[in-house]
Amino acid sequence: MVILAIETSCDETSIAVLADGKVLSNVISSQIAEHTKFGGVVPELASRLHLKNLSYVLSQALHNAKIAITDINYIAYTATPGLIGALHIGKVAAETLSTYLEIPLLPLNHLSGHIYGAAIDQQFEFPLLALLVSGGHTQLILMTRHLKFEILGSTLDDAVGECYDKVARMLGLSYPGGPVIDQLAQTGNPDRYQLPLPLNDKSYNFSFSGLKSAAANLLTKIRNRGEELAINDFCATFQKVCVDTLMQKLTMAIKEYQPKMVVLAGGVSANQSLRKAFLGLESLGVKAVVPKLEYCTDNGAMIGRLGYQEILNNNNK
Ligand code: KG4
Ligand code: ZN
(Lines give C-alpha, C1' and ligand atoms only; values in the text may rest on other atoms or scores of the structure.)
(Ligands and ions follow the chains in the order given, each with its own letter.)
Protein backbone atom coordinates (compact mmCIF):
# COMPACT_ATOMS: atom_id res chain seq x y z
CA MET A 1 0.00 0.00 0.00
CA VAL A 2 1.67 3.20 -1.19
CA ILE A 3 0.69 6.57 0.31
CA LEU A 4 1.79 9.97 -0.94
CA ALA A 5 1.51 12.56 1.87
CA ILE A 6 1.50 16.34 1.51
CA GLU A 7 2.25 18.78 4.35
CA THR A 8 1.90 22.54 3.74
CA SER A 9 0.36 23.84 6.99
CA CYS A 10 3.02 26.43 7.81
CA ASP A 11 6.52 27.16 6.48
CA GLU A 12 7.68 23.76 5.25
CA THR A 13 6.61 22.33 1.89
CA SER A 14 6.99 18.60 2.37
CA ILE A 15 5.98 15.47 0.47
CA ALA A 16 6.67 11.91 1.56
CA VAL A 17 6.07 8.49 0.04
CA LEU A 18 5.41 5.53 2.34
CA ALA A 19 4.96 1.86 1.47
CA ASP A 20 3.15 -0.16 4.16
CA GLY A 21 4.02 2.49 6.73
CA LYS A 22 7.74 2.55 5.83
CA VAL A 23 9.17 5.87 4.64
CA LEU A 24 10.57 5.63 1.08
CA SER A 25 11.15 9.36 0.77
CA ASN A 26 10.53 12.50 2.82
CA VAL A 27 11.43 15.69 0.97
CA ILE A 28 11.25 18.89 3.03
CA SER A 29 11.69 22.31 1.46
CA SER A 30 12.04 24.77 4.32
CA GLN A 31 11.00 28.39 3.79
CA ILE A 32 12.72 29.57 6.98
CA ALA A 33 15.41 31.60 5.18
CA GLU A 34 12.70 33.62 3.40
CA HIS A 35 10.67 34.29 6.57
CA THR A 36 13.69 35.10 8.77
CA LYS A 37 14.02 38.47 7.03
CA PHE A 38 10.62 39.41 8.53
CA GLY A 39 11.25 37.95 12.00
CA GLY A 40 8.46 35.34 11.68
CA VAL A 41 6.23 33.49 9.25
CA VAL A 42 4.41 35.77 6.77
CA PRO A 43 1.27 33.83 5.78
CA GLU A 44 0.93 35.29 2.26
CA LEU A 45 4.59 34.58 1.51
CA ALA A 46 4.22 31.03 2.88
CA SER A 47 1.33 30.33 0.46
CA ARG A 48 3.26 31.72 -2.50
CA LEU A 49 6.35 29.66 -1.68
CA HIS A 50 4.27 26.47 -1.31
CA LEU A 51 2.80 27.18 -4.73
CA LYS A 52 6.25 27.78 -6.21
CA ASN A 53 7.96 24.74 -4.63
CA LEU A 54 5.29 22.08 -4.57
CA SER A 55 5.77 20.53 -8.02
CA TYR A 56 9.54 20.30 -7.55
CA VAL A 57 9.11 18.71 -4.09
CA LEU A 58 6.61 16.26 -5.61
CA SER A 59 8.95 15.12 -8.38
CA GLN A 60 11.85 14.83 -5.89
CA ALA A 61 9.72 12.73 -3.53
CA LEU A 62 8.74 10.35 -6.34
CA HIS A 63 12.31 10.22 -7.63
CA ASN A 64 13.81 9.46 -4.18
CA ALA A 65 11.18 6.80 -3.52
CA LYS A 66 11.93 5.28 -6.96
CA ILE A 67 8.27 4.92 -7.82
CA ALA A 68 6.00 6.16 -10.60
CA ILE A 69 3.05 8.37 -9.79
CA THR A 70 0.72 5.58 -10.94
CA ASP A 71 2.06 3.29 -8.16
CA ILE A 72 0.38 5.44 -5.50
CA ASN A 73 -2.77 4.06 -3.82
CA TYR A 74 -3.75 6.91 -1.48
CA ILE A 75 -3.18 10.66 -1.18
CA ALA A 76 -2.91 12.00 2.38
CA TYR A 77 -2.65 15.68 3.20
CA THR A 78 -2.75 18.07 6.16
CA ALA A 79 -6.26 19.53 6.22
CA THR A 80 -6.08 21.37 9.57
CA PRO A 81 -4.89 23.22 11.67
CA GLY A 82 -2.55 25.70 9.99
CA LEU A 83 -2.35 28.86 7.93
CA ILE A 84 -5.43 28.83 5.71
CA GLY A 85 -3.72 29.90 2.47
CA ALA A 86 -0.87 27.45 3.06
CA LEU A 87 -3.24 24.55 3.80
CA HIS A 88 -5.23 25.44 0.69
CA ILE A 89 -2.25 24.88 -1.63
CA GLY A 90 -1.74 21.37 -0.22
CA LYS A 91 -5.44 20.59 -0.42
CA VAL A 92 -5.75 21.62 -4.07
CA ALA A 93 -2.66 19.58 -4.99
CA ALA A 94 -3.98 16.55 -3.07
CA GLU A 95 -7.45 16.79 -4.63
CA THR A 96 -5.99 17.18 -8.11
CA LEU A 97 -3.78 14.09 -7.70
CA SER A 98 -6.58 12.03 -6.19
CA THR A 99 -8.99 12.95 -9.00
CA TYR A 100 -6.40 12.39 -11.74
CA LEU A 101 -5.23 9.03 -10.32
CA GLU A 102 -8.76 8.00 -9.22
CA ILE A 103 -7.55 7.06 -5.73
CA PRO A 104 -8.88 7.91 -2.23
CA LEU A 105 -8.04 11.13 -0.44
CA LEU A 106 -7.24 11.30 3.30
CA PRO A 107 -7.65 14.78 4.88
CA LEU A 108 -5.66 14.63 8.14
CA ASN A 109 -4.98 16.56 11.33
CA HIS A 110 -1.53 18.10 11.66
CA LEU A 111 -1.28 17.60 15.44
CA SER A 112 -2.20 13.91 15.24
CA GLY A 113 0.41 13.75 12.48
CA HIS A 114 3.09 15.06 14.85
CA ILE A 115 2.25 12.29 17.33
CA TYR A 116 2.40 9.63 14.60
CA GLY A 117 5.83 10.92 13.59
CA ALA A 118 6.98 8.97 16.63
CA ALA A 119 5.30 5.80 15.28
CA ILE A 120 7.49 5.71 12.16
CA ASP A 121 10.36 3.87 13.86
CA GLN A 122 8.55 2.56 16.92
CA GLN A 123 5.41 0.55 17.55
CA PHE A 124 3.00 2.37 19.88
CA GLU A 125 2.10 0.64 23.16
CA PHE A 126 -1.02 1.68 25.06
CA PRO A 127 -1.92 3.39 27.29
CA LEU A 128 0.35 6.07 25.85
CA LEU A 129 0.94 9.66 26.90
CA ALA A 130 2.02 12.13 24.23
CA LEU A 131 3.59 15.50 24.95
CA LEU A 132 2.94 17.68 21.92
CA VAL A 133 5.12 20.78 21.84
CA SER A 134 5.13 22.95 18.72
CA GLY A 135 5.06 26.56 17.59
CA GLY A 136 1.26 26.68 17.89
CA HIS A 137 0.37 24.02 20.49
CA THR A 138 1.37 22.59 23.85
CA GLN A 139 -0.76 19.61 24.86
CA LEU A 140 -0.63 16.56 27.05
CA ILE A 141 -2.61 13.77 25.39
CA LEU A 142 -3.71 10.33 26.59
CA MET A 143 -4.16 7.54 24.02
CA THR A 144 -5.74 4.23 25.09
CA ARG A 145 -5.68 2.90 21.51
CA HIS A 146 -4.68 4.00 18.01
CA LEU A 147 -6.24 7.28 16.84
CA LYS A 148 -8.06 7.91 20.12
CA PHE A 149 -6.80 11.19 21.58
CA GLU A 150 -7.92 12.54 24.96
CA ILE A 151 -6.49 15.97 25.75
CA LEU A 152 -5.58 16.06 29.46
CA GLY A 153 -4.25 19.61 29.37
CA SER A 154 -3.21 22.42 27.03
CA THR A 155 -1.52 25.76 27.18
CA LEU A 156 -3.83 28.49 28.44
CA ASP A 157 -2.01 31.09 26.34
CA ASP A 158 1.27 30.91 24.35
CA ALA A 159 2.66 27.62 23.08
CA VAL A 160 6.14 26.68 24.23
CA GLY A 161 7.63 27.07 20.71
CA GLU A 162 5.96 30.46 20.39
CA CYS A 163 7.52 31.47 23.73
CA TYR A 164 10.96 30.39 22.47
CA ASP A 165 10.46 32.44 19.30
CA LYS A 166 9.30 35.54 21.20
CA VAL A 167 12.10 35.39 23.79
CA ALA A 168 14.63 34.92 20.97
CA ARG A 169 13.27 38.04 19.33
CA MET A 170 13.75 40.02 22.57
CA LEU A 171 17.35 38.80 22.62
CA GLY A 172 17.86 39.92 19.02
CA LEU A 173 18.27 36.32 17.81
CA SER A 174 17.03 35.07 14.44
CA TYR A 175 13.76 33.27 13.66
CA PRO A 176 12.90 30.52 14.54
CA GLY A 177 14.24 31.13 18.03
CA GLY A 178 13.95 27.59 19.36
CA PRO A 179 17.04 26.05 17.74
CA VAL A 180 19.16 29.19 18.39
CA ILE A 181 18.29 29.40 22.11
CA ASP A 182 18.77 25.63 22.38
CA GLN A 183 22.28 25.89 20.93
CA LEU A 184 23.33 28.84 23.12
CA ALA A 185 21.86 27.13 26.21
CA GLN A 186 24.18 24.14 25.79
CA THR A 187 27.18 26.14 27.03
CA GLY A 188 25.29 28.33 29.53
CA ASN A 189 24.87 28.19 33.30
CA PRO A 190 21.15 27.62 34.08
CA ASP A 191 21.56 28.90 37.66
CA ARG A 192 23.01 32.32 36.81
CA TYR A 193 19.60 34.01 36.49
CA GLN A 194 16.22 33.36 38.13
CA LEU A 195 12.92 32.78 36.29
CA PRO A 196 9.71 31.41 37.88
CA LEU A 197 8.27 27.99 37.00
CA PRO A 198 5.00 28.86 35.18
CA LEU A 199 1.62 27.46 36.33
CA ASN A 200 3.19 25.31 39.01
CA ASP A 201 -0.15 23.70 40.01
CA LYS A 202 -1.93 20.34 40.03
CA SER A 203 -3.63 20.76 36.62
CA TYR A 204 -2.28 19.38 33.34
CA ASN A 205 -2.44 22.82 31.74
CA PHE A 206 0.52 24.98 30.80
CA SER A 207 1.07 28.73 30.58
CA PHE A 208 4.01 30.29 28.79
CA SER A 209 3.00 33.93 28.40
CA GLY A 210 3.90 34.59 32.07
CA LEU A 211 7.35 33.12 31.45
CA LYS A 212 7.73 35.33 28.37
CA SER A 213 6.88 38.43 30.47
CA ALA A 214 9.22 37.30 33.29
CA ALA A 215 12.01 36.89 30.71
CA ALA A 216 11.29 40.40 29.33
CA ASN A 217 11.35 41.90 32.86
CA LEU A 218 14.60 40.14 33.73
CA LEU A 219 16.17 41.40 30.52
CA THR A 220 15.08 44.99 31.28
CA LYS A 221 16.50 44.73 34.83
CA ILE A 222 19.86 43.46 33.57
CA ARG A 223 20.04 46.28 30.99
CA ASN A 224 18.93 48.93 33.52
CA ARG A 225 21.66 47.81 35.88
CA GLY A 226 24.11 48.41 33.03
CA GLU A 227 25.26 44.78 33.29
CA GLU A 228 26.45 42.91 30.25
CA LEU A 229 23.99 40.14 29.38
CA ALA A 230 25.48 36.64 29.60
CA ILE A 231 23.32 35.41 26.74
CA ASN A 232 24.27 31.74 27.01
CA ASP A 233 23.41 31.76 30.72
CA PHE A 234 20.14 33.57 30.01
CA CYS A 235 19.21 30.97 27.36
CA ALA A 236 20.21 28.10 29.67
CA THR A 237 18.05 29.53 32.49
CA PHE A 238 15.07 29.98 30.15
CA GLN A 239 15.49 26.53 28.64
CA LYS A 240 15.72 24.86 32.05
CA VAL A 241 12.43 26.45 33.14
CA CYS A 242 10.70 25.33 29.92
CA VAL A 243 11.96 21.77 30.25
CA ASP A 244 11.24 21.60 34.00
CA THR A 245 7.64 22.79 33.61
CA LEU A 246 6.95 20.30 30.80
CA MET A 247 8.58 17.44 32.74
CA GLN A 248 6.76 18.34 35.96
CA LYS A 249 3.30 18.02 34.35
CA LEU A 250 4.27 14.92 32.39
CA THR A 251 5.62 13.19 35.50
CA MET A 252 2.36 13.93 37.33
CA ALA A 253 0.39 12.39 34.43
CA ILE A 254 2.66 9.31 34.33
CA LYS A 255 1.95 8.71 38.02
CA GLU A 256 -1.80 9.07 37.51
CA TYR A 257 -2.26 7.20 34.21
CA GLN A 258 0.57 4.61 34.42
CA PRO A 259 1.25 4.55 30.65
CA LYS A 260 3.37 1.89 28.95
CA MET A 261 4.88 4.48 26.65
CA VAL A 262 5.48 8.24 26.54
CA VAL A 263 5.98 9.97 23.21
CA LEU A 264 7.46 13.39 22.47
CA ALA A 265 6.09 15.22 19.40
CA GLY A 266 6.10 18.59 17.57
CA GLY A 267 8.84 21.00 16.51
CA VAL A 268 10.12 21.64 20.06
CA SER A 269 10.83 17.91 20.40
CA ALA A 270 14.05 18.71 18.49
CA ASN A 271 15.25 20.46 21.68
CA GLN A 272 18.38 18.80 23.03
CA SER A 273 17.71 19.35 26.75
CA LEU A 274 14.07 18.29 26.42
CA ARG A 275 15.04 15.08 24.58
CA LYS A 276 17.55 14.24 27.29
CA ALA A 277 15.07 14.90 30.12
CA PHE A 278 12.37 12.96 28.26
CA LEU A 279 14.55 9.88 27.84
CA GLY A 280 15.33 10.12 31.58
CA LEU A 281 11.65 9.28 32.23
CA GLU A 282 12.54 5.63 31.61
CA SER A 283 13.66 5.60 35.28
CA LEU A 284 9.92 5.71 36.10
CA GLY A 285 9.48 2.36 34.32
CA VAL A 286 7.92 3.73 31.14
CA LYS A 287 9.23 3.43 27.57
CA ALA A 288 10.19 6.93 26.31
CA VAL A 289 10.16 7.61 22.56
CA VAL A 290 11.61 10.68 20.87
CA PRO A 291 11.23 10.92 17.08
CA LYS A 292 14.21 11.22 14.73
CA LEU A 293 15.06 14.89 14.14
CA GLU A 294 13.69 14.86 10.57
CA TYR A 295 10.28 13.80 11.96
CA CYS A 296 10.18 16.51 14.68
CA THR A 297 9.50 19.71 12.76
CA ASP A 298 6.83 19.72 10.04
CA ASN A 299 7.24 16.91 7.49
CA GLY A 300 5.18 14.80 5.11
CA ALA A 301 6.29 11.44 6.57
CA MET A 302 4.38 11.98 9.82
CA ILE A 303 1.21 12.74 7.81
CA GLY A 304 1.78 9.60 5.72
CA ARG A 305 2.25 7.46 8.85
CA LEU A 306 -0.99 8.85 10.31
CA GLY A 307 -2.76 8.10 7.01
CA TYR A 308 -1.44 4.53 7.10
CA GLN A 309 -2.92 4.09 10.59
CA GLU A 310 -6.30 5.44 9.45
CA ILE A 311 -6.37 2.95 6.59
CA LEU A 312 -5.41 0.04 8.90
CA ASN A 313 -8.12 1.02 11.39
CA ASN A 314 -10.76 1.34 8.66
CA ASN A 315 -9.81 -2.05 7.19
CA ASN A 316 -10.18 -3.66 10.63
CA LYS A 317 -13.67 -2.25 11.25
O1 KG4 B 1 5.96 21.67 14.72
P2 KG4 B 1 6.62 22.86 14.11
O3 KG4 B 1 7.64 22.62 13.04
O4 KG4 B 1 5.57 23.84 13.52
C5 KG4 B 1 4.32 24.00 14.14
O6 KG4 B 1 3.40 23.17 13.88
O7 KG4 B 1 4.24 24.94 14.96
O8 KG4 B 1 7.28 23.69 15.32
C9 KG4 B 1 7.98 24.87 15.11
C10 KG4 B 1 8.44 25.37 16.48
C11 KG4 B 1 9.06 26.77 16.44
O12 KG4 B 1 8.46 27.54 17.47
C13 KG4 B 1 10.53 26.51 16.72
O14 KG4 B 1 11.18 27.58 17.40
C15 KG4 B 1 10.46 25.28 17.59
O16 KG4 B 1 9.46 24.51 17.01
N17 KG4 B 1 11.74 24.54 17.62
C18 KG4 B 1 12.48 24.40 18.74
C19 KG4 B 1 13.65 23.69 18.36
N20 KG4 B 1 13.56 23.39 17.02
C21 KG4 B 1 12.37 23.93 16.59
N22 KG4 B 1 12.27 24.84 19.99
C23 KG4 B 1 13.22 24.57 20.92
N24 KG4 B 1 14.37 23.89 20.62
C25 KG4 B 1 14.61 23.45 19.37
N26 KG4 B 1 15.76 22.78 19.10
ZN1 ZN C 1 3.84 21.33 13.26
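Predicted model: local features only at pLDDT ≥ 70, side-chain atom pairs only at ≥ 80, totals over all residues.
Local features need pLDDT of at least 70 and side-chain atom pairs count only at pLDDT 80 or more, whereas totals for chains, interfaces and linings use all residues. Residues are numbered from 1 along each chain as its sequence is written, and side-chain values use heavy atoms, with hydrogens and water left out.

The zinc ion (ligand 2) is coordinated at 2.0 to 2.2 Å by His110 (NE2), His114 (NE2) and Asp298 (OD); donors are N, O and S atoms within 2.8 Å of the metal (3.2 Å for Na, K and Ca), and sites may look incomplete because water is not among the atoms. Along the chain the donors of this zinc ion follow the spacing H-x3-H-x183-D. His110 lies in helix α4 (residues 110-117) and Asp298 in the loop between β10 (287-289) and α10 (300-315), so the pair ties together parts 188 residues apart in sequence. Helices (H or I, at least four residues) and strands (E, at least two) are DSSP runs, numbered from the N terminus. Both His110 and Asp298 are buried (under 20% relative accessible area; exposed is over 50% and partly exposed in between, with a 1.4 Å probe and protein chains only).

Leu24, in strand β3 (residues 22-30), is partly exposed, at 36% relative accessibility. Beyond its neighbours within four places in sequence, Leu24 is in contact with Val17, Leu18, Ala19, Asn64, Ala65 and Ile67 (contact means heavy atoms within 4.5 Å).

Cys163, Lys166, Val167 and Met170 in α5 meet Leu211, Lys212, Ala215, Ala216, Leu219 and Arg223 in α7.

Note on methods: Chains lettered and ligands numbered in written order.
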